[in-house]
Amino acid sequence: MPLVTTTFNQKMLIRIAMVIAFVQFTNALEYMMFSPVFTFMAADFAVPVTFSGYVSGMYTSGAVLSGIIAFYWVDRCNKKRFLIANMVLLAMATLLTTLTSFPLLLTLRFFAGLVGGTTMGVGITILINHTPADLRGKMLATVIASFSMVSIVGMPAVLFLCTHYGWHVALWLICTLCWLALPLIVFTSHALPLDVDTLLFASGNALVQFSPMLIIPVLAPLMTQLLGASQGLLPWLFFGGGLAGYLSTRMTGALT
């Protein structure tokens, strides 16, 4: 009987980890793609490509603000419903981006930051509250690997769509991923309350991810404007970096 229970719990943990990884993949892709995609959007919005910094800055401002607010009240809410609401709002904000002007784009990016800034924290909380301490490294590595998959699969796909079909199609892809995430979230279990160990564990993960989340969005403008990389080369550059990140993440998870 104990063996059956352990097998069931491990399967449940893997299922939750895969769902949270998909949510994080969608959330991270939506955030990271805007700077590269803005090189295609700038002409339609009649602004220089360098204005991508304002777009990223508005998202970051919203994410920081929502993160500070959520720190004090997120443990009181139903985290599954919170994630569902986040993905719905993120899909709506992304869709509206295809129908707006530049000033409204900045407003939508700030709103997306308010939504997306708490998605990762809530998703990680659901996972680590269900995971025994000795398995947290492995399960967390599974989720963090989704950031590498953004570079391996997500960014090349988005840039391919922008090059051949237009930037609107790339944003529609994000909307589709958000809607696909909804039924997956429904089948995750309810989270347990946060404790001190869980909070410290999540904070350490946030600290590690802070630098990449700031650097990756500005890579495309830097490589195209300063290093002379062609737009056709960008998917392969992101693919190579993502593959290296995936391998190092899996190795770190195994060692942890």
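## Terms and ground rules

Contact here means heavy atoms within 4.5 Å. This is a predicted model, in which local features need pLDDT of at least 70 and side-chain atom pairs count only at pLDDT 80 or more, while totals for chains, interfaces and linings use all residues. Residues are numbered from 1 along each chain as its sequence is written, and side-chain values use heavy atoms, with hydrogens and water left out.

## The chain as a whole

Let's start with the overall picture. Read along the sequence, the pattern is α-α-α-α-α-α-α-α-α-α.

Of the 256 residues, 48% count as buried, where buried means under 20% relative accessible area, exposed over 50% and partly exposed in between (1.4 Å probe, protein chains only). The accessible surface of the protein chain comes to about 12600 Å², and carbon and sulfur atoms account for 74% of that; such areas come from the Shrake-Rupley method with a 1.4 Å probe, and for residues only the protein chains shown count as cover. Among contacts between residues at least 6 apart in sequence, 85% join residues at least 24 apart.

## The nonpolar core

A nonpolar core is a set of buried Ala, Val, Leu, Ile, Met, Phe, Trp, Tyr and Cys residues joined through side-chain atoms within 4.5 Å. The largest one in this model has 62 residues, and those with the most contacts inside it are L29 and M33. The elements that give two or more residues to this core are α1 (2-32), α2 (34-45), α3 (52-73), α4 (79-97), α5 (102-130), α6 (136-165), α7 (167-186) and α10 (234-255). Of these, α1 gives the most, with twelve residues.

Not counting residues up to four places away in sequence, M33 touches M155, V158, A170, L171 and I174.

Helix α2 is mostly covered, with ten of its twelve residues buried: F34, S35, P36, V37, F38, T39, F40, M41, A42 and F45. A straight helix of twelve residues would span 16 Å at 1.5 Å a residue, yet α2 spans only 14 Å between its end C-alpha atoms; the expected span is 1.5 Å times one less than the number of residues.

The axes of α2 and α6 come within 10 Å and cross at roughly 5 degrees. That makes α2 roughly parallel to α6, a label for angles under 35 degrees, with over 145 roughly antiparallel, 65 to 115 roughly perpendicular and the rest oblique. Axes are lines fitted to C-alpha atoms, for helices over the stretch in contact, and angles run from 0 to 180 degrees between N-to-C directions. In residue terms, P36, V37 and F40 in α2 meet M155, V158, L159, C162 and T163 in α6.

## The residue after α2

A46 follows α2 and lies in the loop between α2 and α3. A46 has a positive phi of about 60 degrees although it is not a glycine. At 69% relative accessibility, A46 counts as exposed.

L161 is found in helix α6 and is buried, with a relative accessible area of 17%. Leaving aside neighbours within four places in sequence, L161 is in contact with G166, V169, A170 and L173. L161 and L171 are ten residues apart in sequence, and their C-alpha atoms are 9.6 Å apart. L105, in helix α5, is buried at a relative accessible area of 0%. Its contacts, not counting residues up to four places away in sequence, are F34, F38, M41, F45, V55, T97 and T100.

Q24 sits in helix α1 and counts as buried at 1% relative accessibility. Beyond its neighbours within four places in sequence, Q24 is in contact with T119, M120, G123, I124, V143 and S146. G67, in helix α3, is partly exposed, with a relative accessible area of 31%. G67 and V115 are 48 residues apart in sequence and 9.5 Å apart in space, C-alpha to C-alpha.

Technical notes
Helices (H or I, at least four residues) and strands (E, at least two) are DSSP runs, numbered from the N terminus.
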